[in-house]
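Please keep the sequence and the 3D view at hand while reading.

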Amino acid sequence: MEPKSPRRLSARTTDIMIMKIVHGLVIAQCLFSAAAFGHKPWASLKSRRLLQQTLADCLAPSGARLVYPADSDYESARGHVYNHRYLYNPAVFVFSTTTAHVQSAVQCAVQLNLGIAPRSGGHSYEDYSLGGRDGVIVVDLEGINAVTLDSSSGIASVGGGARLGPLKLALWEQGKVTIPSGTCPSVGVGGHSLGGGWGFISRKWGLMADSLVAAELVTANGTVVTASASQNSDLLFALKGAGSNSFGIVTTFFFKTYGVSDTVTYFNYDYGGNSSAADQAMTLRAFQTWGLGATKDVSASLFHAPRGGNFFWGIFLGRKADLKSALQTFFDNAPMPSYGTTTELEIDYIRSVVINGGFVETEPISVLNLQNFTYDSRFFKSKSIFVKGSGWCEDGIQDYVSALRQGPSFGEQSGAYMIMDLFGGGDSYINSIPSASTGFVHRDSLYSIQMFTYWDGPQDNTTDISWIQGTWDTVRPYSSDEAYQNYIDSDMPVSAYYASNLDALKAVKRQWDPSNIFNFPKSIPLS
């Protein structure tokens with residue numbers, strides 16, 4: 001059954017459901033038991049006990065809280081596993097509250113020849129925050145989450161385990177400033193910023209990675225180094241878009257911030273949960289045409305679902321009175337919104353963060369602290385692709401819509417959707433940065449597409465997985481061969497994420513991690 005308006009002030013219950021599902025399933029994490037899904041132990045009991053004792057001898061002196069497979073709280077320590085298709089079995093969780101804890105974990109990984117993985121928010125689409133394989137040391141960074149704004153410089157120091165919701169709330173309360181970044185409040189700053197980090201003010205001020213001015217990280221030899229424009233600049237280059245568990249574990253980020261004290265306008269135009277194929281083609285055509293010349297004061301996305309879901313939403317850094325002129329080209333080419341579901345709210349910036357985070361617009365901004373946040377379960381498969389130039393030709397649009405509409409119905413427990421995020425066009429700041437100047441290479445795209453299908457239950461829905469792959473195959477001839485690393489996909493080659501920057505990133509890898517201590521299935525390789 002298709003949902004109705006995703007943000008209709010007169011239907012708040014529906015609003016909450018749809019916004020939770022839509023924004024990358026923003027509330028979709030979990031607390032669950034491996035036994036419930038029948039996963040087998042990753043090693044024999046005897047070998048696990050031996051490894052646990054060896055790890056304890058190495059890690060215990062650091063004083064960090066340690067959780068092993070034999071411990072009663074192991075399953076809760078596994079925590080918010082984003083994609084329930086995978087349930088890797090770490091050898092130990094190291095709950096770090098200091099940089100020294102992280103150093104100890106890295107040194108023990110080297111000494112014992114074990115894999116190591118940092119976990120900031122645990123939102124990896126392939127669950128690489130658990131290492132992407134069994135038997136690794138997982139360094140949980142949630143205890144390193146302080147956010148401090150230097151009001152004189154406008155630089156914020158942010159702990160490696162901070163999440164986007166608490167981060168944005170803290171910056172608002174400390175100075176009504178922010179850092180461009182995504183909408184899901186529970187996403188960790190670490191993986192998000194190190195993979196790029198698009199959000200609803202990114203066309204104005206760039207990706208989250210573009211605001212990164214320095215970082216402190218633990219490298220492969222266990223020492224703490226600073227990466228900045230003046231110190232270890234090659235490392236900073238790599239961290240700005242290609243830094244997720246390939247070069248070290250970042251314990252502190254330093255970001256440039258931007259003032260957001262002026263009101264903004266949140267908008268959402270719903271074209272109906274049962275939109276026709278023609279209307280979906282029309283909104284995509286309008287999105288492309290408008291996006292080519294859109295002012296950087298607007299960042300926006302287009303949502304499509306197989307059975308007709310169809311809406312356009314975003315943030316305008318300006319007054320509601322000026323919104324129409326900023327979006328006029330879109331309106332000139334799009335159908336009329338259905339059911340009168342046009343939402344235009346002139347609000348404080350932090351209120352837009354609440355709405356885009358999936359909360360009711362009247363909830364207090366304190367909800368962003370995630371004190372009573374509910375983590376749901378989800379099984380899913382996702383893919384992504386970047387579209388360049390002026391977008392798809394008419395054949396591409398028609399082929400896409402045809403493939404889209406063969407997918408599963410959109411609902412709370414199962415379904416599918418597509419989200420197009422506008423990266424380039426007009427005077428977008430994202431595309432003003434040379435591709436070779438940061439690890440994030442995708443600087444000539446008009447928009448990205450996130451393809452997402454999800455189902456209820458531990459068994460793979462092979463029909464839906466086949467559909468999403470088929471849809472990607474359909475649009476590939478009209479698109480680039482690049483994909484977004486924050487929508488990591490085990491089926492894609494590493495080159496899709498780093499393209500022409502890959503050789504330079506390999507060189508940084510050889511310099512800082514020649515033994516490949518920091519690795520996972522899609523990490524930067526040595527050669």
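The points below cover salt bridges, strands and sheets, and helix packing.

The model is predicted, so local features need pLDDT of at least 70 and side-chain atom pairs count only at pLDDT 80 or more, while totals for chains, interfaces and linings use all residues. Residues are numbered from 1 along each chain as its sequence is written, and side-chain values use heavy atoms, with hydrogens and water left out.

**Salt bridges**

- A salt bridge is a side-chain nitrogen of Lys or Arg within 4 Å of a carboxyl oxygen of Asp or Glu; the count by this rule is 17.
- Side chains of opposite charge can pair when their charged atoms come close.
- Glutamate 346 is bridged to arginine 319, with 2.8 Å between the closest N and O atoms. Glutamate 346 belongs to strand S15 (residues 342-347), whereas arginine 319 sits in the loop between strand S14 (310-316) and helix H10 (323-333), 27 residues apart. Helices (H or I, at least four residues) and strands (E, at least two) are DSSP runs, numbered from the N terminus.
- Burial is stated by relative accessible area: buried is under 20%, exposed is over 50%, and partly exposed lies in between (1.4 Å probe, protein chains only). Glutamate 346 is partly exposed at 36%, and arginine 319 is partly exposed at 45%.
- Lysine 381 forms a salt bridge with aspartate 489, and their closest N and O atoms are 2.7 Å apart. Lysine 381 is in strand S16 (residues 379-388) and aspartate 489 is in the loop between helix H13 (462-475) and helix H14 (495-498), so this pair ties together parts 108 residues apart in sequence. Both partners are buried, lysine 381 at 5% and aspartate 489 at 1%.
- Lysine 388 pairs in a salt bridge with glutamate 482, the closest N and O atoms lying 2.8 Å apart. Because lysine 388 is in S16 and glutamate 482 in the loop between H13 and H14, the pair ties together parts 94 residues apart in sequence. Lysine 388 is partly exposed at 24%, whereas glutamate 482 is buried at 8%.
- Through shared partners, salt bridges join Glu126, Lys381, Lys383, Asp489 and Asp491 into one network.

- Two strands pair if DSSP finds at least two bridges between them. Strand S1 (residues 65-67) pairs with S2 in the antiparallel sense over three bridges, and valine 67 has phenylalanine 93 as its bridge partner in S2.
- S2 also pairs with strand S4 (residues 137-140), in the parallel sense and over four bridges. Here the bridge partner of phenylalanine 95 is aspartate 140 in S4.

- Five strands form an open sheet in the order S5-S6-S10-S8-S9, with antiparallel pairing. Strand S5 (147-150) and strand S9 (224-228) are the edge strands, each pairing on one side only.
- Strand S6 (residues 155-159) and strand S10 (residues 249-256) run antiparallel and are joined by five bridges. Glycine 159 has threonine 252 as its bridge partner in S10.
- Helix H8 (residues 233-242) packs on the sheet and touches strand S8 (212-218), S9 and S10. Contact means heavy atoms within 4.5 Å.
- Eight of the 10 residues of H8 are buried, including Leu235, Leu236 and Phe237. The buried residues of H8 pack against helix H6 (189-194), S8, S9, S10, H14 and helix H15 (502-512).

**Helices H12 and H13**

- Helix H12 (residues 394-404) packs with H13 at an angle of about 175°, and their axes are 9 Å apart. Axes are lines fitted to C-alpha atoms, for helices over the stretch in contact, and angles run from 0 to 180 degrees between N-to-C directions.
- This makes H12 roughly antiparallel to H13, a term for angles over 145 degrees.
- Asp399, Tyr400, Ala403 and Leu404 in H12 meet Trp467, Thr471, Thr474 and Val475 in H13.

Key
Angles under 35 degrees count as roughly parallel, over 145 as roughly antiparallel, 65 to 115 as roughly perpendicular and the rest as oblique.
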